[in-house]
Amino acid sequence: MNKAIFTARNMRGFTLIELMVTLSILTVITLIATPSLASALENQKLKQAAIDVKVALQNARSQAVLTSSEQALCTQTSLQSAANCGATLKGHAQLTDKQKQQKIHTLQLNEKVYLKENSATEFIFSAQGYTTQQTLTLCASDRSYAITVYMPGHVDLTQGGACT
(Lines give C-alpha, C1' and ligand atoms only; values in the text may rest on other atoms or scores of the structure.)
Protein backbone atom coordinates (compact mmCIF):
# COMPACT_ATOMS: atom_id res chain seq x y z
CA MET A 1 0.00 0.00 0.00
CA ASN A 2 2.86 2.37 0.70
CA LYS A 3 4.09 1.73 -2.83
CA ALA A 4 0.78 2.88 -4.35
CA ILE A 5 0.76 6.11 -2.35
CA PHE A 6 4.40 6.78 -3.20
CA THR A 7 3.78 6.31 -6.94
CA ALA A 8 0.73 8.58 -6.89
CA ARG A 9 2.68 11.35 -5.14
CA ASN A 10 5.51 11.23 -7.72
CA MET A 11 3.16 11.48 -10.71
CA ARG A 12 2.90 15.10 -11.78
CA GLY A 13 1.14 16.83 -14.65
CA PHE A 14 2.25 19.77 -16.75
CA THR A 15 2.30 23.23 -15.31
CA LEU A 16 0.20 25.99 -16.81
CA ILE A 17 3.33 27.75 -18.08
CA GLU A 18 4.55 24.62 -19.89
CA LEU A 19 1.16 24.23 -21.60
CA MET A 20 1.05 27.89 -22.64
CA VAL A 21 4.59 27.76 -24.09
CA THR A 22 3.71 24.63 -26.06
CA LEU A 23 0.51 26.18 -27.42
CA SER A 24 2.39 29.36 -28.37
CA ILE A 25 4.97 27.39 -30.33
CA LEU A 26 2.24 25.42 -32.14
CA THR A 27 0.44 28.67 -32.99
CA VAL A 28 3.58 30.20 -34.50
CA ILE A 29 4.25 27.07 -36.57
CA THR A 30 0.64 27.09 -37.82
CA LEU A 31 0.81 30.76 -38.78
CA ILE A 32 4.00 30.16 -40.75
CA ALA A 33 2.60 27.13 -42.60
CA THR A 34 -0.85 28.52 -43.51
CA PRO A 35 0.13 30.92 -46.37
CA SER A 36 2.32 28.36 -48.09
CA LEU A 37 -0.45 25.78 -47.87
CA ALA A 38 -2.98 28.18 -49.43
CA SER A 39 -0.54 28.97 -52.25
CA ALA A 40 0.08 25.26 -52.85
CA LEU A 41 -3.66 24.59 -53.07
CA GLU A 42 -4.14 27.44 -55.56
CA ASN A 43 -1.26 26.18 -57.70
CA GLN A 44 -2.73 22.67 -57.63
CA LYS A 45 -6.09 24.00 -58.85
CA LEU A 46 -4.32 25.77 -61.72
CA LYS A 47 -2.38 22.65 -62.66
CA GLN A 48 -5.55 20.54 -62.56
CA ALA A 49 -7.39 23.06 -64.75
CA ALA A 50 -4.54 22.95 -67.29
CA ILE A 51 -4.61 19.16 -67.35
CA ASP A 52 -8.42 19.21 -67.74
CA VAL A 53 -8.14 21.54 -70.75
CA LYS A 54 -5.44 19.37 -72.34
CA VAL A 55 -7.53 16.21 -71.89
CA ALA A 56 -10.67 17.92 -73.21
CA LEU A 57 -8.77 19.09 -76.31
CA GLN A 58 -7.43 15.60 -76.93
CA ASN A 59 -10.92 14.15 -76.49
CA ALA A 60 -12.46 16.67 -78.90
CA ARG A 61 -9.83 15.85 -81.51
CA SER A 62 -10.36 12.12 -81.03
CA GLN A 63 -14.13 12.57 -81.34
CA ALA A 64 -13.65 14.51 -84.60
CA VAL A 65 -11.57 11.72 -86.10
CA LEU A 66 -13.84 8.98 -84.75
CA THR A 67 -17.06 10.52 -86.07
CA SER A 68 -15.48 12.06 -89.19
CA SER A 69 -17.15 15.35 -88.37
CA GLU A 70 -16.09 18.76 -87.07
CA GLN A 71 -15.97 19.16 -83.30
CA ALA A 72 -15.75 22.35 -81.24
CA LEU A 73 -14.38 22.84 -77.75
CA CYS A 74 -14.94 26.08 -75.86
CA THR A 75 -13.32 26.92 -72.57
CA GLN A 76 -15.11 29.36 -70.35
CA THR A 77 -14.82 31.01 -66.99
CA SER A 78 -17.80 31.81 -64.81
CA LEU A 79 -17.97 35.24 -66.48
CA GLN A 80 -18.28 33.90 -70.02
CA SER A 81 -21.23 32.39 -71.82
CA ALA A 82 -21.23 29.33 -74.05
CA ALA A 83 -23.98 30.74 -76.25
CA ASN A 84 -21.72 31.37 -79.29
CA CYS A 85 -19.60 28.28 -78.85
CA GLY A 86 -19.24 26.40 -82.11
CA ALA A 87 -20.85 29.14 -84.21
CA THR A 88 -18.10 28.72 -86.81
CA LEU A 89 -18.86 25.04 -87.38
CA LYS A 90 -20.01 24.29 -90.92
CA GLY A 91 -23.81 24.28 -91.02
CA HIS A 92 -24.11 25.42 -87.40
CA ALA A 93 -27.47 27.12 -88.01
CA GLN A 94 -28.99 23.88 -89.32
CA LEU A 95 -27.79 21.68 -86.46
CA THR A 96 -30.42 20.27 -84.14
CA ASP A 97 -29.95 20.56 -80.39
CA LYS A 98 -28.91 16.91 -80.23
CA GLN A 99 -26.31 17.42 -82.97
CA LYS A 100 -25.00 20.49 -81.18
CA GLN A 101 -24.59 18.45 -78.00
CA GLN A 102 -22.61 15.86 -79.96
CA LYS A 103 -20.39 18.35 -81.80
CA ILE A 104 -19.96 21.24 -79.36
CA HIS A 105 -18.19 20.67 -76.06
CA THR A 106 -17.72 23.23 -73.30
CA LEU A 107 -15.32 23.13 -70.41
CA GLN A 108 -16.05 25.25 -67.35
CA LEU A 109 -12.86 26.45 -65.65
CA ASN A 110 -12.34 26.69 -61.91
CA GLU A 111 -13.31 30.08 -60.45
CA LYS A 112 -9.75 30.58 -59.12
CA VAL A 113 -8.35 30.30 -62.66
CA TYR A 114 -8.59 33.00 -65.30
CA LEU A 115 -7.61 33.27 -68.95
CA LYS A 116 -4.79 35.52 -70.03
CA GLU A 117 -5.86 38.28 -72.36
CA ASN A 118 -5.85 37.21 -76.04
CA SER A 119 -6.01 33.51 -75.15
CA ALA A 120 -7.91 31.27 -77.51
CA THR A 121 -11.25 30.11 -76.08
CA GLU A 122 -12.66 28.14 -79.02
CA PHE A 123 -10.99 25.26 -80.82
CA ILE A 124 -12.49 23.72 -83.96
CA PHE A 125 -11.20 20.30 -85.06
CA SER A 126 -11.81 19.15 -88.63
CA ALA A 127 -13.04 15.66 -89.45
CA GLN A 128 -9.37 14.67 -89.87
CA GLY A 129 -8.43 16.10 -86.47
CA TYR A 130 -6.68 19.20 -87.78
CA THR A 131 -7.03 22.67 -86.30
CA THR A 132 -5.33 26.04 -86.51
CA GLN A 133 -2.43 26.60 -84.13
CA GLN A 134 -3.73 28.39 -81.05
CA THR A 135 -2.58 28.99 -77.49
CA LEU A 136 -4.66 29.21 -74.36
CA THR A 137 -2.97 30.55 -71.20
CA LEU A 138 -4.45 29.79 -67.80
CA CYS A 139 -3.41 32.01 -64.89
CA ALA A 140 -3.67 32.01 -61.12
CA SER A 141 -1.70 34.29 -58.80
CA ASP A 142 1.98 33.94 -59.69
CA ARG A 143 1.83 30.99 -62.10
CA SER A 144 0.50 30.13 -65.51
CA TYR A 145 0.19 27.22 -67.91
CA ALA A 146 0.17 27.61 -71.68
CA ILE A 147 -1.73 25.00 -73.66
CA THR A 148 -0.80 25.12 -77.32
CA VAL A 149 -2.69 23.18 -79.96
CA TYR A 150 -0.72 22.67 -83.16
CA MET A 151 -2.21 22.22 -86.63
CA PRO A 152 -2.15 18.42 -86.69
CA GLY A 153 -3.99 18.40 -83.35
CA HIS A 154 -1.01 17.82 -81.06
CA VAL A 155 -1.56 19.42 -77.63
CA ASP A 156 1.39 20.74 -75.63
CA LEU A 157 1.28 21.89 -72.00
CA THR A 158 4.02 24.14 -70.61
CA GLN A 159 4.37 25.84 -67.25
CA GLY A 160 5.05 29.55 -67.29
CA GLY A 161 5.57 32.45 -64.94
CA ALA A 162 3.22 35.10 -63.67
CA CYS A 163 0.48 36.46 -65.90
CA THR A 164 0.80 40.19 -66.33
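User: How many residues does helix H2 have, and what span would be expected at 1.5 Å a residue?

Analyst: The model is a predicted one. Helix H2 covers residues 16-67, which is 52 residues, and the expected span is 76 Å. From the first C-alpha to the last, H2 reaches 73 Å, close to that expectation.

User: What bend does H2 have, and at which residue?

Analyst: H2 bends by about 30 degrees at threonine 34. A proline, proline 35, follows within four residues of that position.

User: Where do the buried residues of H2 pack?

Analyst: The buried residues of H2 include Asn43, Leu46, Val53 and Leu57, as well as several alanines such as Ala49 and Ala50. They pack against strands E1, E2, E4, E5, E6 and E7. An α-helix has 3.6 residues a turn, so residues three or four places apart point the same way.

User: What makes up the secondary structure of the whole chain, and in which pattern?

Analyst: The protein chain has three helices and seven strands. Along the sequence the pattern reads α-α-β-α-β-β-β-β-β-β.

User: Which residues touch the most other members of the largest nonpolar core?

Analyst: The largest nonpolar core has 23 residues, and those touching the most other members are Val53, Leu57, Phe123, Phe125, Leu136, Leu138 and Ile147. H2, E4, E5 and E6 each supply at least two residues of this core. H2 gives the most, with eight residues.

User: What does leucine 57 touch?

Analyst: Leaving aside residues up to four places away in sequence, leucine 57 touches Leu73, Phe123, Phe125, Ile147, Val149 and Val155. A second, separate core has seven residues, among them Cys74, Cys85, Leu89 and Ile104.

User: How do you know that cysteine 74 and cysteine 85 form a disulfide?

Analyst: A disulfide requires cysteine sulfur atoms within 2.5 Å. The sulfur atoms of cysteine 74 and cysteine 85 are 1.9 Å apart, and the two residues form a disulfide. Cysteine 74 lies in strand E1 (residues 71-76) and cysteine 85 in the loop between E1 and helix H3 (97-103), so the bond ties together parts 11 residues apart in sequence.

User: What makes cysteine 139 and cysteine 163 a disulfide?

Analyst: Their S to S distance is 1.7 Å, which meets the cut-off of 2.5 Å. With -70 degrees about the S-S bond, this link of cysteine 139 and cysteine 163 is left-handed. The pair links distant parts of the chain, 24 residues apart: cysteine 139 is in strand E5 (residues 134-140), and cysteine 163 is in the segment after strand E7 (155-160). Cysteine 139 and cysteine 163 are both buried.

User: How many disulfides are there, and what pattern do they follow?

Analyst: The count is two disulfides. With bonded cysteines counted along the chain, the pattern is 1-2, 3-4.

User: Where is serine 68 found, and is serine 68 buried or exposed?

Analyst: Serine 68 is found in the loop between H2 and E1. Exposed means over 50% relative accessible area. Serine 68 has 54% relative accessibility, so serine 68 counts as exposed. Phi of serine 68 is near 55 degrees, a positive value in a residue other than glycine.

User: What share of the residues in the protein chain is buried?

Analyst: Buried residues make up 31% of the 164 residues in the protein chain.

Note on methods: Residues are numbered from 1 along each chain as its sequence is written. This is a predicted model: local features need pLDDT of at least 70, side-chain atom pairs count only at pLDDT 80 or more; totals for chains, interfaces and linings use all residues. Side-chain values use heavy atoms; hydrogens and water are left out. Buried means under 20% relative accessible area, exposed over 50%, partly exposed in between (1.4 Å probe, protein chains only). The expected span of a helix is 1.5 Å times one less than its number of residues. The bend at a residue is the angle between axes fitted to the seven residues ending there and the seven starting there. Contact means heavy atoms within 4.5 Å. A nonpolar core is a set of buried Ala, Val, Leu, Ile, Met, Phe, Trp, Tyr and Cys residues joined through side-chain atoms within 4.5 Å.
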